[in-house]
There are 2 protein chains.
Amino acid sequence: MSKQLPLVAMDACCAPLTREPLTQDQAVELSHLFKAMADPVRLRLLSLIASHAGGEACVCDLTDAFDLTGPTISHHLKVLRESGLITGDRRGTWIYYRVHPEVLARLSAVLTTTGEAVTA
Amino acid sequence: MSKQLPLVAMDACCAPLTREPLTQDQAVELSHLFKAMADPVRLRLLSLIASHAGGEACVCDLTDAFDLTGPTISHHLKVLRESGLITGDRRGTWIYYRVHPEVLARLSAVLTTTGEAVTA
DNA sequence: TCCTTGGATAGATACTTGTCTAAGTAGACA
DNA sequence: TGTCTACTTAGACAAGTATCTATCCAAGGA
């Protein structure tokens with residue numbers, strides 16, 4: 001923990017998919033992020049954290065929302081953490097997680113179709 | 001083929017992740033789309049198709065861009081097709097694929113962070 | 001110091017997935 | 001009809017992953 005996020009996707013991957021083909025490296029970078037979100041539990045975790053009051057949520061709040069054991073939730077949080085989508089910091093007894101909105105925004109930008117003539 | 005796309009994600013999943021938590025059903029729907037994109041080959045296929053002149057590309061164009069066998073490309077195209085991200089139609093000898101921009105746009109909207117106070 | 005609670009790590013197992021080779025299907029052309 | 005090309009399907013196998021139980025670490029309170 002507190003192993004800071006790599007921010008791998010911060011300079012790779014830029015232009016929208018509809019504008020120009022991804023390079024191999026960009027595709028690999030992006031695929032890690034999409035893989036982190038390619039699970040219903042992690043998507044719900046992400047949305048629970050992102051939409052929580054104050055922009056952060058403690059693990060105890062998150063665990064209650066699922067019919068899964070603690071270690072499983074912990075595993076999913078680790079995947080999200082290592083992908084750079086969230087960070088957690090301990091404050092006293094509890095650990096609080098928050099999202100990195102700039103990573104979400106970057107993904108959103110890659111998928112955008114505005115200003116494109118993709119439908120020919 | 002020509003088995004029309006389910007468009008599964010067209011009414012599920014709407015509000016941005018940062019605005020409100022996803023329901024279980026929404027998360028499952030979305031995870032299928034993200035899973036389809038959670039592979040470098042499929043991401044590149046998607047970007048090659050989406051950014052190709054005319055908004056569509058024939059499989060022969062796509063296969064040449066990878067060091068993979070035809071069946072493997074075909075498999076990835078099937079995953080993209082079944083997720084509703086692309087459709088293919090045969091015209092004479094060749095099969096042309098094009099993206100569904102509205103599905104990409106929907107994903108982009110789910111990830112957007114604009115107008116949110118997510119960083120508290 | 002010991003105990004309790006919040007959360008992570010380790011290791012095992014069942015399931016999923018990316019890739020291949022081999023075989024099949026669909027259209028074009030002679 | 002037969003053959004060639006373009007692409008898909010079927011089946012197998014190695015690698016990855018989601019989940020569990022058991023265990024461990026950190027912080028707080030008696």
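Trainee: How many nonpolar, polar and charged residues does the surface near DNA strand D have?

Mentor: The model is a predicted one. In it, 26 residues surround DNA strand D. Sorted by class, this surface has 12 nonpolar, 11 polar and three charged residues.

Trainee: Which helix gives the most to the surface near DNA strand D?

Mentor: Several elements each supply at least two residues of this surface: helix H4 (70–82) of chain A, and helix H3 (59–63), H4 and S3 of chain B. Among the closest residues to the DNA strand are Pro71(A), Pro71(B) and Ser74(B). With six residues, the element that gives the most is H4(B).

Trainee: What is the order of the three strands in the open sheet of chain B?

Mentor: The pairing in this sheet is antiparallel. Strand S1 (56–58) and strand S2 (86–91) of chain B each pair on one side only and are therefore the edge strands. The order is S1-S3-S2.

Trainee: What angle does the direction of helix H4 of chain B make with that of S2(B)?

Mentor: Helix H2 (residues 40–51) of chain B packs on the sheet and touches S1, S2 and S3 of chain B, its direction making about 95° with that of S3(B). Helix H4 (residues 70–82) of chain B also packs on the sheet, where it touches S2 and S3 of chain B. The angle between the directions of H4(B) and S2(B) is about 120°.

Note on methods:
Residues numbered from 1 in each chain as written. Chains lettered and ligands numbered in written order. Predicted model: local features only at pLDDT ≥ 70, side-chain atom pairs only at ≥ 80, totals over all residues. Pairing = 2+ DSSP bridges. Helix = DSSP H or I, 4+ residues; strand = E, 2+ residues; numbered from the N terminus. Contact = placed C-beta atoms within 7 Å. Axes fitted to C-alpha atoms, helices over the stretch in contact; angles between N-to-C directions. Near = placed C-beta within 6 Å. Nonpolar A, V, L, I, M, F, W, Y, C, P; charged D, E, K, R; others polar.
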